[in-house]
Amino acid sequence: MTRAGGIGNCLLAALPSGDFALLAPDLKRVALDQDALLSRMGDQVEHVVFPHSGVISLMIDMANGQTVASAVVGCEGALGTLSVLGSSPSAITAVVRAAGTASLIPVSRFHAAFSRSPAIRHAVQSHITAMLVQLQLGGACNALHPVQARMARWLLNFRDRIDTDVLPLTQEALSEILGVRRTTVTLLMRNLRSSGAIRSDRRGHIEVDPFRLAAAACECHGTIRLEVEKIFSTVTAPGNPGPIGSRTPD
């Protein structure tokens with residue numbers, strides 16, 4: 001496993017060489033396939049996943065079969081770091097929404113490195129803090145803001161992390177993320193398209209206008225992004241592009 005940097009995972013790229021060396025022998029590079037299920041709610045966490053590209057949505061599964069997204073993870077963070085707080089079943093279902101690559105490490109090996117490295121502990125602490133910001137503000141947004149503004153926010157969240165205006169999302173995926181019916185998503189897409197926030201909606205791909213989409217979104221996108229960037233600025237290495245894409249309008 002070569003040293004992460006540049007376009008790789010921000011948490012790994014920010015670690016000093018000696019601390020990264022504690023993880024490197026056990027890191028395995030894997031593909032993140034579109035729609036792949038990385039973990040299921042209630043399962044034991046077996047790996048910590050450091051995305052280098054792509055987007056993972058963290059889903060809450062309700063007893064009646066409904067789902068809703070609580071947060072997203074891209075190259076700025078990791079999946080499974082909460083396992084350092086103790087062995088417990090996963091509280092979320094993690095689904096790959098945009099294909100990419102990642103580095104995996106067994107939980108036991110990650111915990112061993114975590115216990116030896118203050119730098120790794122600091123990176124994990126920053127990441128958990130950033131995730132709590134997403135979860136807390138995202139929960140308030142889900143409860144209080146109109147569904148169209150929430151959908152615009154989620155589309156911007158994805159665009160931040162893959163840094164392209166063409167998002168590999170289906171209406172079915174958006175239905176699961178937003179916790180609404182497919183017919184509702186169809187109506188919302190029509191409204192956003194008429195305002196110019198969405199340029200086209202081909203099968204499995206949504207092309208967006210980020211500036212108009214930002215105007216349609218609630219303030220939560222900008223607030224969460226600013227808070228997360230402030231937190232991750234303490235662990236981002238010099239020359240690294242940062243935790244989320246830099247082209248999305250404020």
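Q: Why are H4 and H5 called roughly antiparallel in this predicted model?
A: The axes of H4 and helix H5 (residues 147-162) cross at roughly 150 degrees and come within 11 Å. Angles over 145 degrees count as roughly antiparallel, and H4 is therefore roughly antiparallel to H5. The crossing in which H4 passes H5 is left-handed.

Q: What makes the contact of H4 with H5, and how do its residues divide by class?
A: From H4, Gln134, Gly138, Cys141 and Asn142 take part, and they meet Arg150, Arg153, Trp154 and Arg161 in H5. These residues of the contact divide into two nonpolar, three polar and three charged.

Q: Why are H3 and H4 called roughly perpendicular?
A: Helix H3 (residues 107-116) packs with H4 at an angle of about 110 degrees, and their axes are 5 Å apart. The range for roughly perpendicular is 65 to 115 degrees, and H3 and H4 are therefore roughly perpendicular to each other. On the H3 side the contact is made by Phe110, Ala113, Phe114, Ser115 and Arg116, and on the H4 side by Pro118, Ile120, Arg121 and Val124. By class, the residues of this contact divide into six nonpolar, one polar and two charged.

Q: How do you know that H5 and H7 are roughly perpendicular?
A: The axes of H5 and H7 cross at roughly 75 degrees and come within 10 Å. Because 65 to 115 degrees counts as roughly perpendicular, the two helices H5 and H7 are placed in that class.

Q: Which residues of H5 and H7 meet, and how many of them are charged?
A: Val147, Gln148, Met151 and Leu155 in H5 meet Val185, Leu188, Met189, Asn191 and Leu192 in H7. The contact of H5 with H7 has seven nonpolar, two polar and no charged residues.

Q: Where is valine 180 found, and which residues does it touch?
A: Valine 180 is found in the loop between helix H6 (171-178) and helix H7 (182-194). Leaving aside residues up to four places away in sequence, valine 180 touches Val147, Ser175 and Val185. The C-alpha atoms of valine 180 and leucine 32 are separated by 26 Å, and these residues are 148 apart along the chain.

Q: What makes up the lining of the largest pocket?
A: The largest pocket holds about 680 Å³ of space and is lined by 33 residues. Val45, Leu79, Gly80, Ser90 and Ile92 lie nearest its centre. Strand E2 (37-39), strand E3 (47-51), strand E4 (55-61), strand E5 (67-73) and helix H4 (118-144) each supply at least two residues of the lining. The largest share, five residues, comes from H4.

Definitions and conventions
Residues numbered from 1 in each chain as written. Predicted model: local features only at pLDDT ≥ 70, side-chain atom pairs only at ≥ 80, totals over all residues. Heavy atoms only, no water. 1 Å grid on protein atoms, 1.4 Å probe; cavity = no way out; pocket = protein on both sides within 12 Å on 5 of 7 lines; lining within 4 Å. Points joined across faces, edges and corners; volume = space filled by probe spheres on them. Helix = DSSP H or I, 4+ residues; strand = E, 2+ residues; numbered from the N terminus. Axes fitted to C-alpha atoms, helices over the stretch in contact; angles between N-to-C directions. Parallel < 35°, antiparallel > 145°, perpendicular 65-115°, else oblique. Left-handed = near helix turned anticlockwise from the far one by under 90°. Contact = heavy atoms within 4.5 Å. Nonpolar A, V, L, I, M, F, W, Y, C, P; charged D, E, K, R; others polar.
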